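The following note concerns the surface and side-chain contacts of the model shown below. Please read the numbered points alongside the sequence and the structure.

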Amino acid sequence: MIPGMLLLPLIVSTLCIIFIAELPDKTALAALILATKYRTRDVVIGAWFAFLVQTIVAVAAGSLFTLLPTGPIRIASGLGFLVFSFLAFRRKEDEVREEEQEEVAKAKSNRPIWLVSFLVIFA
């Protein structure tokens with residue numbers, strides 16, 4: 001079998017899992033709303049920078065957490081998962097959507113669109 005043929009099912013299955021997991025993500029919804037109102041290129045640039053900064057922060061924080069003992073980290077992450085899942089279950093989507101629209105409306109000032117996109121996605 002050709003080695004490249006093995007990659008295709010892996011890539012397709014990974015894409016499908018990530019697509020399903022990211023469907024309820026509000027950052028995608030915010031980027032979509034911004035892209036319908038402003039130039040898509042500016043929105044994509046701002047979103048790209050926001051995700052870049054978030055990734056750098058996550059890698060730095062993850063590197064710092066490797067210095068801590070694993071037992072307390074596992075307990076804290078499990079408790080954090082339970083707390084945030086409970087909060088997400090109680091969250092009202094209509095209120096969240098209204099807050100996002102208010103953020104977009106506040107950000108409509110004289111700021112460049114890429115910065116507006118960065119701030120909305122990063123927040």
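1. Rings of Phe, Tyr and Trp (for Trp, its six-membered ring) are paired here if their centres lie within 6.5 Å; planes under 30 degrees apart count as stacked, over 60 as edge-to-face and the rest as tilted. By this criterion, ring pairs join Trp48, Phe49 and Trp114 into a cluster.

2. On the source: this is a predicted model, in which local features need pLDDT of at least 70 and side-chain atom pairs count only at pLDDT 80 or more, while totals for chains, interfaces and linings use all residues. Residues are numbered from 1 along each chain as its sequence is written, and side-chain values use heavy atoms, with hydrogens and water left out.

3. The structure holds three aromatic pairs. In one of them, the ring centres of Trp48 and Phe49 are 5.1 Å apart and the planes stand at 70 degrees, so this pair is edge-to-face. As to accessibility (buried is under 20% relative accessible area, exposed over 50%, partly exposed in between; 1.4 Å probe, protein chains only), Trp48 is exposed at 51%, whereas Phe49 is partly exposed at 34%.

4. Which residues make the nonpolar surface patch? Ile45, Trp48, Phe49, Leu52, Ile56 and Trp114 form it, with an area of about 580 Å². Patches consist of residues with over 30% relative accessible area and no salt bridge, like charges being joined within 9 Å and nonpolar side chains (Val, Leu, Ile, Met, Phe, Trp, Tyr) within 5 Å. The areas come from the Shrake-Rupley method with a 1.4 Å probe, and for residues only the protein chains shown count as cover.

5. Helix α3 (residues 40-65) supplies the largest share of the nonpolar patch, namely five residues; Phe49 lies in this helix. Helices (H or I, at least four residues) are DSSP runs numbered from the N terminus.

6. A salt bridge requires a side-chain nitrogen of Lys or Arg within 4 Å of a carboxyl oxygen of Asp or Glu, and the count comes to one. Arg39 pairs with Asp42, their closest N and O atoms being 3.8 Å apart. Arg39 is partly exposed at 46% relative accessible area, while Asp42 counts as buried at 18%.

7. A surface patch of negative charge gathers Glu95, Glu98, Glu99, Glu102 and Glu103. Asp and Glu count as negative, and the charge of Glu is placed at CD. Glu99 is found in helix α5 (residues 93-106) and is partly exposed, at 47% relative accessibility.

Terms used:
Helix = DSSP H or I, 4+ residues; strand = E, 2+ residues; numbered from the N terminus.
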